[in-house]
Amino acid sequence: MTASRAPARLGSFVLRMFRPQIYVTYGLLWTLALEGSAKALSGASSHWAPSWSTAVRAVSVVLALLFARMVDEQKDLEYDRRHHPGRPLVTGAITVAELRGAMALIAVLVVVLNTLVSAVSVLLILLDLGYLLFLVALERRSPRIGEGLLVNLLVSYPVQLGLSVYLYLSLLTSGAIDGDWRAVPLLAMFACAFLQFEFARKTEWRRDPQARLYSEVLGPRGSAAVSLALAVSAVVLGLLLFGKAGLLPALSIVFPALGAWRFLVRRKPSGLMLPAMGFVLFFLLLCFCGAAAIATGR
């Protein structure tokens, strides 16, 4: 393998395992929705509008998600060799060295970008990337954490929560918002929205003790119920935080409701995942629109 081929191999990996049309859209909406929502709840008098700092945070979130994808690809290598033999790292379409080189480049890029915003932003994004690497070492030392699905969720979910904290505190420390106790339910709202997708994508009717499915632990109905309850919780928190403006993102509940019907009534094998993805994307989009409506009416 020549070094000159590494960028092309990395590009193929990204297009296959980190589809930009999904993840870039997701990272951008996440940033805009959280920033707009935080500003709408803030006591600051000026209206929020996307800025160069917003662009830095959005790019940082997308790069952090790509970094996480690369870490997972290496962490799950032995499992993929048995269950997903077509994965790029298993087939040799990309190497561990190439992935690690790209991860180092991502770390440098997010540091340089966030230096333009604040020192706190640099620290927070590096803590999130560092926690991902810490998880790899932790799972190697404790097989129970790596193999126990719910335990693994408990220790790994702080990565995603940490990105929301990064977005909020980066805004706060740059003086864009005035923080208060409502930051807690705001971050919980986003956490619930993302977690409903996490449960939905790993809930199926099929039984496979070797598969990493929440339905193997909670049962298909139990896992589907958790996913739906998390979506409802996100909507309720939105209504409590934003009042009438929260009715707009609440409309997205139709997606998990449809997913629950397809899965539980029609018994579609993987009926939850696509509606759950639709919920996340539309919930984020409508949160941003609702926040903009609050700012306009202020």
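A search of the whole structure finds 15 salt bridges, each being a side-chain nitrogen of Lys or Arg within 4 Å of a carboxyl oxygen of Asp or Glu. This is a predicted model, in which local features need pLDDT of at least 70 and side-chain atom pairs count only at pLDDT 80 or more, while totals for chains, interfaces and linings use all residues. Residues are numbered from 1 along each chain as its sequence is written, and side-chain values use heavy atoms, with hydrogens and water left out.

Side chains of opposite charge can pair when their charged atoms come close.

| Salt bridge | N to O distance |
|---|---|
| R81 and E78 | 2.5 Å |
| E216 and R207 | 3.4 Å |
| R87 and D80 | 3.9 Å |

Let's take the pairs in turn. R81 and E78 sit three residues apart in helix α4 (residues 77-83), so about one helical turn separates them; helices here are DSSP runs (H or I, at least four residues), numbered from the N terminus. R81 is partly exposed at 45% relative accessibility, and E78 is partly exposed at 47%. For these terms, buried means under 20% relative accessible area, exposed over 50%, and partly exposed in between (1.4 Å probe, protein chains only). In the pair of R87 and D80, R87 is partly exposed at 21%, whereas D80 is buried at 3%. R207, the partner of E216, is exposed at 63%.

Salt bridges also link D72, K75, D76, E139 and R212 in a network. Helix α3 (residues 52-75) and helix α7 (residues 119-141) pack with their axes 10 Å apart and at an angle of about 10°; the axes are lines fitted to C-alpha atoms over the stretch in contact, and angles run from 0 to 180 degrees between N-to-C directions. The two helices, α3 and α7, are therefore roughly parallel, a label for angles under 35 degrees. On the α3 side, the contact (heavy atoms within 4.5 Å) is made by S60, A64, F67, A68, V71 and K75, and on the α7 side by I125, L129, L132, L133, V136 and E139.

Finally, a look at the surface. L258, W261, L264 and V265 form a nonpolar patch with about 370 Å² of accessible area together. Such a patch joins nonpolar side chains (Val, Leu, Ile, Met, Phe, Trp, Tyr) within 5 Å, from residues with over 30% relative accessible area and no salt bridge; the areas come from the Shrake-Rupley method with a 1.4 Å probe. L258 belongs to helix α15 (residues 254-265) and is partly exposed, at 42% relative accessible area.

Notes. Patch = residues over 30% accessible without salt bridge, like charges linked within 9 Å, V, L, I, M, F, W, Y side chains within 5 Å. Parallel < 35°, antiparallel > 145°, perpendicular 65-115°, else oblique.
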